[in-house]
Amino acid sequence: MFVLVNLKAYPCDPVAVARAAHDVAEESGVRIAIAPQAADIAAVADTGVETWAQHVSPNGYGSHTGSTLAERAAAAGAEGTLLNHSENRMKLADIDASVEAAERAGLETCVCANNPEQIGAVAALGPDSVAVEPPELIGGDVSVASADPDIVTDAVAAAEAVDDAVDVYCGAGISTGDDLTAADDLGASGVLLASGVAKADDPKAALEDLVAPLR
Ligand SMILES: O=C(CO)COP(=O)(O)O
């Protein structure tokens, strides 16, 4: 199971969380990545933890003020990028172009979607992975795997029907080892989470609890 922690725009210390994630990944052998704000990619990558961008723009170099170039995210140390997060929705054509931009820059891609129908649509764009995250469960206390298990199994089936090389992750409300195990049992090969770590008093303890079943 891959554990991808999205720090969103939460007021946590990204480097402290990154150090904790790096240590827990080393100790447990579980693949853990941190997706900080673009401005923090280099500092987070410097800790040695696998680092992802939260978004990259569909454009390449040129007159595009305010964009986050895939090439510059990669140069700063990112190894992958989220795209089309529920809090940063994109047009289908732009998701397509951002997947291409990320691939050009050597970034792994994970395209988020609200439901299994959208998972099928974005899987057709050929990303490395897709993540189903029901918006109404994001930031809550109940994990998608227990609140809506069908959405995870249906997302796995939808992606497989389009391209069985695309990995399927799930996210929303995931914070414990039990949530991770439930996601695994439903066929997800990774989880996306944010508040369970970024808002935790002790992010390292939260990550240790999360990966405990995988040890
Ligand atoms: O949006 C998410 C991860 O990208 C999920 O957020 P929470 O883990 O806070 O529900």
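Buried means under 20% relative accessible area, exposed means over 50%, and partly exposed covers the range in between, with a 1.4 Å probe and protein chains only. The model is predicted, so local features need pLDDT of at least 70 and side-chain atom pairs count only at pLDDT 80 or more, while totals for chains, interfaces and linings use all residues. Residues are numbered from 1 along each chain as its sequence is written, and side-chain values use heavy atoms, with hydrogens and water left out.

View A. Glu208 and Lys204 form a salt bridge with their closest N and O atoms 4.0 Å apart; the term denotes a side-chain nitrogen of Lys or Arg within 4 Å of a carboxyl oxygen of Asp or Glu. Helices (H or I, at least four residues) and strands (E, at least two) are DSSP runs, numbered from the N terminus. Lys204 is partly exposed at 26% relative accessible area, and Glu208 is partly exposed at 29%. Salt bridges with shared partners join Glu27, Lys204 and Glu208 into one network.

**View B. Salt bridges of Arg31 with Glu50 and Glu108.** The N to O distance is 2.7 Å for Glu50 and Arg31. Because Glu50 lies in strand 3 and Arg31 in strand 2 (residues 31–35), this pair ties together parts 19 residues apart in sequence. Glu50 is buried, with a relative accessible area of 16%, whereas the value for Arg31 is 32%, partly exposed. For Glu108 and Arg31 the N to O distance is 3.0 Å. Glu108 belongs to strand 5 (residues 108–113), so the pair ties together parts 77 residues apart in sequence.

**View C. A cluster of Phe2, Trp52 and Tyr169 linked by ring pairs.** Rings of Phe, Tyr and Trp (its six-membered ring) pair if their centres lie within 6.5 Å; planes under 30 degrees apart count as stacked, over 60 as edge-to-face and the rest as tilted. A search of the whole structure finds 2 aromatic pairs. The ring centres of Phe2 and Trp52 are 5.7 Å apart with planes at 45 degrees, so this pair is tilted. Phe2 is in strand 1 (residues 2–6) and Trp52 in strand 3 (residues 50–53), 50 residues apart. Phe2 and Tyr169 have ring centres 5.6 Å apart and planes at 65 degrees, so their pair is edge-to-face. Phe2 is buried at 3% relative accessible area, and Tyr169 is buried at 2%.
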